[in-house]
Amino acid sequence: MLKKMNLFMFSMLVLNIGTTNAASESYPTNYQHIVDAAKKEGKVVIYSTTDTAAAAPIIKGFEALYPGISVEYNDMNSTELYNRYISEQASFSGSGDVVWSSAMDTALKLAKDYALPYKSPEAGKLPSWAVWQDSAYGTTYEPLIFIYNKRLIKEDEVPKSHADLASLIKSQPERFKNKVTTYDIEKSAVGFMLSVEDMKNDPQYFEHLKDIASAGMVVQSSTGTMLERVSSGENLIGYNILEPYAKNRAIKDPSLGIAYPKDYTLVLSRVSFISKQAKHSNAAKLWLDYLLSQKGQDILANQSNLTSIRDDISGDNDIDGMTKLLGSALKPIPIDISLLEYLEQNKRLDYLKKWRATTGK
């Protein structure tokens, strides 16, 4: 009878904290204290680069699970987020309780200086490369892909590698004049990071970049603009595009094609951490745990269409599904101190100078 009573009490605890059965064993027995404190705080403030439309299902799920705790969601580009957050931290003014950024390098730099150490009970469900010092966590598993206009690029022309992309453009400079798009790495923190990661994975990166830029490359600061321009035919090809946004657009847009580079496919993981100056630190812990939980990740994968970093999500939009599709070509960008190397001022300026000289930008 006592054993049954203990099981009943444990089940009620699981329901109270809102965890799934798969995650419940890893949650501390005093987690309800965090829930109670969070309800007194009443809200959590998120600074994020994830589009509000993509984040909406996870916000809805969180607020339904924790009634009385509202989400104040601030959607910014990666450079704006970094500059705003660091300014607010320096002045000790109101700021985000949680940072959730696709610019992994600048997010880790912020976490290194401003994160509240917190070991999420969901950490054990993540790849080891996605957790940094129990402070910063990878939340998604997003390949970087090529996009192309299906009306204007024949199927047999679609590049299968970065070398193929460079060769195609170099061979037809007039056709591709001002028709290739990617990130402006000076205005986009994500774009800068991806360029550096390309350089690390491709020994011929700057040679390929020179060929890609030979016809005149068009640079943008947002994924949405690149998708729109390729879909309309104003540009023909884009590269280093976040796959979830492109795939979501391609479902509804017959003009947009996507291709996965087979030589290597970078994988980005949106980094999240709790600010040590968070005014709503308990609500921030609930948000982070929910974002990483099986329930939260299922919403990300199947409603927000952001590929899950877990391997126990329904459907194929998770780390297992991507591994089945691309295997060893996948190159996840680890959340570790190597991300900070090219953020050192002189090294960053030297890299930008070389990139500009190569691209003519």
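**The packing of helix 7 on helix 9**

In helix 7, His162, Ala163, Leu165, Ala166, Ile169 and Lys170 meet His208, Asp211 and Ile212 of helix 9; contact means heavy atoms within 4.5 Å. Helices (H or I, at least four residues) and strands (E, at least two) are DSSP runs, numbered from the N terminus. The model is predicted, so local features need pLDDT of at least 70 and side-chain atom pairs count only at pLDDT 80 or more, while totals for chains, interfaces and linings use all residues. Residues are numbered from 1 along each chain as its sequence is written, and side-chain values use heavy atoms, with hydrogens and water left out.

Axes are lines fitted to C-alpha atoms, for helices over the stretch in contact, with angles from 0 to 180 degrees between N-to-C directions. The crossing is left-handed, that is, the near helix is turned anticlockwise from the far one by less than a right angle; clockwise is right-handed. The contact residues of helix 7 and helix 9 comprise five nonpolar, two polar and two charged. Nonpolar here covers Ala, Val, Leu, Ile, Met, Phe, Trp, Tyr, Cys and Pro; Asp, Glu, Lys and Arg are charged, and the others, Gly among them, are polar.

A second pair can be set beside this one. The axes of helix 4 and helix 12 (residues 281–292) come within 11 Å, crossing at roughly 120 degrees. That makes helix 4 oblique to helix 12 (under 35 degrees is roughly parallel, over 145 roughly antiparallel, 65 to 115 roughly perpendicular, the rest oblique). The crossing of helix 4 and helix 12 is right-handed. Ile58, Ile59, Gly61, Phe62 and Leu65 of helix 4 touch Ala283, Leu286, Trp287, Tyr290 and Leu291 of helix 12. These residues divide into nine nonpolar, one polar and no charged.

The fold also holds an open sheet of six strands, in the order 2-1-3-12-5-4 and with mixed pairing; two strands pair if DSSP finds at least two bridges between them. Strand 2 (70–75) and strand 4 (131–132) each have a single partner, so one side of each lacks a neighbour in the sheet. Helix 4 (residues 52–65) packs on the sheet, touching strand 1 (43–48), strand 2 and strand 3 (98–101).

Two domains are assigned: domain 1 (32–140 + 270–317) and domain 2 (142–267 + 342–359), with bounds from an automatic or database domain assignment. Their contact takes 18 residues from domain 1 and 15 residues from domain 2.
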